[in-house]
Amino acid sequence: MLTRRYAIKTAAAVAAASGLGGVASAQVADKVIKIGINLSFTGADATSATRIANGAIMAIDEANAKHEVKGYKFEAVKYDDGTATAGQYDPAQAATNARKMVSDKDTIAAVGPQMSGAGKAMAPILSAGNLAIITPSSTNPDITDPKFAQQYRPAGKAIYFRTVTTDAFQGPNMANYFAETLKVKSVYVLDDSGAYGVGLADAFQGQAEKKGIKILGRDRLDPKAADYAAILTKIKSLNPDSLFYGGVGQAGTKLAKQAYEIIPKVIKAGGDGVYSPEMLTAVGFPAVEGWYATIASPHLTEDDKLTKWVADYKKKFGVPPEDYSITSYDAALVIIAAAKKIAASGKPVNRDAVRDAIQSDKVSTLQGEVSFDANGDLQSKVVSVFQIHKNDAKPLDDIDGQYKYVGVAPQA
Amino acid sequence: MTATDLLVQQAINGLSLGAMYALLALGFTLVYGILELINFSHFNIFMVGSFVALMALEAMGVVGQQTVMSGFPLVGVLFVAFLATTMFTGTLGVLIYRFLLRPLRGVKGPAAMITTIGVSYILFNIVLLTIGADAKNFPNPLPPIQWAIGGAVLRLREVLIWVIALLLMGGLTYFVQYTRLGKAMRATAQDPEAARMMGVEVDRVIMTAFFLGSALAGAGGMIFGLYYNFTSFIVGFNAGLRAFTAAVLGGIGNVPGAMLGGVIIGLIEAVSGQMIATGWTDVIIFSILVLVLVFRPSGLLGRVAPNKS
């Protein structure tokens, strides 16, 4: 038992030891600067969220281990914008998180959010606080579109950066892929009522029309509903060649399951919302077989140059990375590089300086050189296409094993 | 598909949904009929039921989409899972009543109803925290048998839902109409004081109502899982809200009313998805509810509640 006297002794000893330690190293402790990581850790996208967060954490841990920025130590602070009641990201929670980050002076920048709906809620608050955030996966173009600057960056400067491209490319490029590679003549378009899903479906639909694909209809799924049989029966009666779904996992997994029963032969595709372990675990084979998905970045997890990185990631976290783990790692690298540059010039590392450095820098990352335009969008615009194809040699929930890379979608 | 085929197909879709809502609506109605209490924990007893069924099936080696069974093994496995689920959720309902609601009997105002909302959230969060946030794969042991009706397709799983729902509803009707306990239940629903004076053990009757209602919710949860092949901590909310609407639509407290309400809501959901757009389904369902309540405040078949005089 811990007696009072013993406790006092121990406390004194600890104090003495730490004091001595300070003298011995004769060094001021590194100043801690925080990097927020805001993702949807609760709800339908939780598995991806963890894998994306791991990427940023890995970059931060490596920077700390190497003392990358002299005099500073990074601390990753996780924020969860998913709530149980929403079952996925919750814009209200995202806004709360943005306020928390802005009010914490030690937070110099953030990685996230995962979802565009969360990004729309966070952007105006971050703009007011001049806190830069780099999203590894949210692709709705409105947030960085100068047309909506009044809404998403009322303070003027770009604060919402991306290490992925946007749905302004993801949707239309996939429509090109439908027309040119899959030779699709007709399509039914669905979305999941979310900011990302509606935007992606709109962007796809616009380009599909231009390419001469017949749009047989457009409807909206309630992500909380369980039953999509009514709409799928309607789609079946229209007999389309293909189905395009703009949305994330919560509606997507149920849609895939029921679509397999009702319209098994129709070509089915979505954006990066259906490029996720949830599709494999919650839908499973054979229902998920044949689905197309895209991501708004180059495909890197199978790249030869990244073999060691992927192995390190698996070793550290016990799960395989996805491509957005890499864009998340890259996002953290950009922030770390900004901090390093500022520290090297002898100025204090604060959020204003970090934002400006992110805006102007060219950083060499895993996906190549990353730099941003004046709105915060990534200069490179690559959309990669995958098709789910069962591979018994790999774990059935392994994205790399089960999503087969089929190429880059033609640029719109 | 011709227009007729489409109508038949949507009717099949709607009836399956309706059967599920009806089972769930019965639980609201049974408890309301006796206690005049809307039991919101029912939403998530349904959800817990789907997880109990999932665990029972997995414990018997029925896992994922690959295990397909037929004949007696299939019936046996489903029956055991059904028993485990209904017993578990039935007992859960009784425990909720015994320890959380009975102490509030005689307390005026919304205390009991608020308690049920609290219990609902507790169940919801326990499942979220222990089982996790992502949707779970529910086994699908049913052989892929289907019949063509013109251009429409009737699958074994739809037939199974209808058969189970009809059996349960038939059993419940028999119980309420012809057994001693059932008669005691009706007597209590009419006038608890008079029933007590006639020697009815009111407490036992209430517990029976909670047991049956919760067991039906569990059965509904298991059917949900078998039908959609997934479950998640969040499924209780939507199904529960619609089932509650069904109970009110049919006349809350009224057993045949709950069944009718369930089927109507299911059919509206399917038909509005076809004719208008699925995005509008909720607007349509709840508009119809509001209209019915404006013109027939006690629901289609009339409300049944304890006599307050």
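## Confidence in the model

pLDDT is the predictor's confidence in each residue, on a scale from 0 to 100. For chain B the average pLDDT is 89, and 98% of the residues score at least 70. This is a predicted model, in which local features need pLDDT of at least 70, side-chain atom pairs count only at pLDDT 80 or more, and totals for chains, interfaces and linings use all residues. Residues are numbered from 1 along each chain as its sequence is written, while chains are lettered from A and ligands numbered from 1 in the order in which they are written.

Chain A also averages a pLDDT of 89, with 93% of the residues at 70 or above. Residues 14-26 of chain A have a pLDDT below 50. Beyond near neighbours in sequence, this stretch makes zero contacts in the model; two residues are in contact if their C-beta atoms, placed from the backbone, lie within 7 Å. Where pLDDT is low, the predicted coordinates should not be read in detail. The model scores ipTM 0.79 and pTM 0.80.

Helices (H or I, at least four residues) and strands (E, at least two) are DSSP runs, numbered from the N terminus. Among the elements of chain B, helix α2 (residues 41-59) has the highest mean pLDDT, 95. Strand β1 (residues 136-137) of chain B has the lowest, 84.

## Two domains in chain A

Chain A is divided into domain 1 (31-165 + 304-370) and domain 2 (168-295 + 384-408). These bounds come from an automatic or database domain assignment. The C-alpha centres of the two domains of chain A lie 28 Å apart.

Across the boundary, 20 residues of domain 1 of chain A are in contact with 20 residues of domain 2 of chain A. On the domain 1 side, α2 and α4 of chain A are the elements that give two or more residues. The largest share, three residues, comes from α4(A). By class, this side has four nonpolar, eleven polar and five charged residues. Here Ala, Val, Leu, Ile, Met, Phe, Trp, Tyr, Cys and Pro count as nonpolar, Asp, Glu, Lys and Arg as charged, and the others, Gly among them, as polar.

## Where the chains meet

The contact between the chains takes 32 residues from chain A and 32 residues from chain B. On the chain B side, α1 (3-35), α4 (111-131), α8, α9 (235-250) and α10 (255-275) each supply at least two residues. Of these, α1(B) gives the most, with five residues. The chain B side has 16 nonpolar, 13 polar and three charged residues.

Helix α2(B) has 19 residues and reaches 27 Å from its first C-alpha to its last. That is close to the 27 Å expected at 1.5 Å a residue; the expected span is 1.5 Å times one less than the number of residues. α2(B) is mostly covered, with 16 of its 19 residues buried. A residue is buried if 20 or more other C-beta atoms lie within 10 Å of its own, exposed if 12 or fewer, and partly exposed in between, with C-beta atoms placed from the backbone. After α2(B) comes B:Gly61, whose phi is positive, near 85°.

Helix α11 of chain B covers residues 281-295. Its 15 residues should span 21 Å, and its end C-alpha atoms are 21 Å apart, which agrees. B:Thr281, B:Ile285, B:Leu289 and B:Val292 are buried in α11(B). Seen down the axis, the buried residues of α11(B) fall within an arc of 70°, so they line one face of the helix. The arc is that of the directions from the helix axis to the C-beta atoms. An α-helix has 3.6 residues a turn, so residues three or four places apart point the same way. The buried residues of α11(B) pack against α9 and α10 of chain B. On the other side of α11(B), the exposed residues include B:Val283, B:Ser287 and B:Phe295.

Most residues other than glycine have a negative phi, and most peptide bonds are trans. A:His67 has a positive phi of about 50° although it is not a glycine. A:His67 sits in the loop between α2 (46-65) and β2 (72-80) of chain A. A:His67 is exposed, with 11 other C-beta atoms within 10 Å. B:Asn229, also not a glycine, has a positive phi near 60°. B:Asn229 lies in the loop between α8 (202-228) and β4 (230-231) of chain B. B:Asn229 is buried, with 26 other C-beta atoms within 10 Å.

Chain A also holds cis peptide bonds. One runs from A:Gly112 to A:Pro113, with omega near -15°. A:Pro113 lies in the loop between β3 (107-111) and α4 (116-129) of chain A. Another runs from A:Phe285 to A:Pro286, with omega near 5°. A:Pro286 is in the loop between α10 (277-283) and β10 (292-295) of chain A.
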